[in-house]
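Please walk through the structure shown below, one chain and one interface at a time.

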Amino acid sequence: MNGVHDMGGMDGMGPIVHEKDEPVFHAEWEGRVYALTRLVRAGAGRWNIDAGRFEIERLPPAEYLRMTYYERWAARLAVQIVKMGLVTQAEVDSATPAAGSGRATPQLTAAMVPAMVARRSSTKRDVRVRATFKPGQRVRARNIHPTGHTRLPRYARGKLGTVAADRGVFVFPDTNAEFLGEKPQHLYSVRFTARELWGERASPRDSVYLDLWDDYLERV
Amino acid sequence: MGNDKKGPVGRRGFLKDAAATAAAFVAEPAAAHGHTHHDHGHDHQHQAVPSDVALRVKALESLLVEKGVVDRAALDAVVDSYETKIGPRNGARVVARAWVDAAYKKRLLADPTAAIAELGYSGGQGEDMVVLENSPKIHNLVVCTLCSCYPWPVLGLPPVWYKSAPYRSRAVIDPRGVLREFGLDLPEDVEVRVWDSTAEVRYLVLPERPAGTDRLSEEALAALVTRDSMIGVTKVSPPQPGDRA
């Protein structure tokens, strides 16, 4: 979707504020919302990383810009746990378990956390899929504007680039975000010259690399 | 939202969809800061934390604990992992090893995920790593314009500026201006390569080893390597007089 989250190339967002000796979490609730989101993800229920990103992208744009990072996570958590079927909306509304709803046994104990945080859960898939493009080949990022989740930023659409590397076969976010299947396909590192993306404003030496799936690209 | 503001958390109305939930999390006046400011003289992007987001999160936690979805001690363990174990010191050890061990550096560039795992670092948001080597002629810079993708196992959780609109919007269109804001003014003959983390590949910059560090131990070298240098917004500075070598 052409959302405000897709902000590469926008002006007017202000200076970059670098905080010296920044803590990992600025308040206790930030750590709690992070940990809740991780544990809920690691347990049962239908969810994936692309669905999680799509949920945040659908926050109203003015709210998205006004909220802090973990406020967005908190807003998502309240929606996510209902969509995953872990609690009902009525339980979220009342912040209490429904009478007689029973108590599950948590799937992850503290002792299991070190293994959980160290576990790889790659979205790379060991399946044979034909690669449409080869390193060195000129390609164009398609001029497409999906209304769902996509990882093709607006600033690259319609632009010419060169395949720098084939990263292998990965889950396709556009379908995965809405549980329409993984549609695994080749992912490429594509180099765009800064001049192709930004015109005369950019240095002639510079470039931007994006990781783009087969379905985002077309032959030149 | 108006009249139940001071009511007990248990009766607080949680709203039904993302839009309404978003409003619920921000619509109230910013009565309190959610954190301590160490570095003032500017407007923080995250300044206006509503006073009750902490209460709302607490209510969600209580509900999920009471339902048996999550275990409170496990939550503590996740927070502790990222506050004390998984952070940029991990990446600094990877960089220092690559500086002192040519064979390791070769493996790190050829198969980064495996080479990083050799030092014991792996996990979520680091499944498929790529290492970008800076040189006197090429400077690499990492961003995620669409969200906040960042290599957790080697750098921990990202700082606020990395996730903020100013960095995400400008890193791709004005990388040299961004680097100047971080105090790095690159000559025109250096090529700047910006890496937008649009997929699940995660990037770690291998900064240049500073001059005058030939006699430093691997451990002393690791102490020089900063988080920002591994994102690519700064270089690693040589040891300053007075630093413990």
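What percentage of the 245 residues in chain B do buried residues make up? In this predicted model, the buried share of chain B is 50% of its 245 residues. A residue is counted here as buried if 20 or more other C-beta atoms lie within 10 Å of its own. The secondary structure of chain B consists of 12 helices and 4 strands. Of the contacts in chain B between residues at least 6 apart in sequence, 67% connect residues at least 24 apart.

One of the strands of chain B is β2(B), residues 138-143. Because 5 of its 6 residues are buried, β2(B) is largely enclosed by the rest of the structure. β2(B) runs parallel to β3(B), and 6 bridges join the two. Within this pairing, Val143(B) stands opposite Asp196(B) of β3(B).

β3(B), residues 191-196, also pairs across the chain boundary. There, 4 bridges join β3(B) to β4(A), and these two strands run parallel. Opposite Trp195(B) in β3(B) stands Tyr209(A).

In total, 90 residues of chain A are in contact with 86 residues of chain B. On the chain A side, the elements that give two or more residues are the helices α1 (28-42), α2 (49-57), α3 (61-66), α4 (69-83), α5 (89-94) and α6 (113-118), together with the strands β2 (160-170) and β4 (207-213). The most comes from α1(A), which gives 9 residues. By class, the residues on this side of chain A are 47 nonpolar, 19 polar and 24 charged.

One of the contributing elements, α2(A), can be looked at on its own. Since 7 of the 9 residues of α2(A) are buried, this helix is largely enclosed by the rest of the structure. The buried residues in α2(A) are Asp50(A), Ala51(A), Arg53(A), Phe54(A), Glu55(A), Ile56(A) and Glu57(A).

How many domains does the assignment give for chain A, and where do they lie? The assignment gives domain 1 at residues 28-118 and domain 2 at residues 138-219. The C-alpha centres of domain 1 and domain 2 of chain A are 30 Å apart. Between these domains, 7 residues of domain 1 of chain A are in contact with 5 residues of domain 2 of chain A. On the domain 1 side, the residues in contact divide into 2 nonpolar, 1 polar and 4 charged.

Notes:
Residues are numbered from 1 along each chain as its sequence is written. Chains are lettered from A and ligands numbered from 1 in the order in which they are written. This is a predicted model: local features need pLDDT of at least 70, side-chain atom pairs count only at pLDDT 80 or more; totals for chains, interfaces and linings use all residues. Two residues are in contact if their C-beta atoms, placed from the backbone, lie within 7 Å. Ala, Val, Leu, Ile, Met, Phe, Trp, Tyr, Cys and Pro count as nonpolar, Asp, Glu, Lys and Arg as charged, and the others, Gly among them, as polar. Two strands pair if DSSP finds at least two bridges between them. Domain bounds come from an automatic or database domain assignment. A residue is buried if 20 or more other C-beta atoms lie within 10 Å of its own, exposed if 12 or fewer, and partly exposed in between; C-beta atoms are placed from the backbone.
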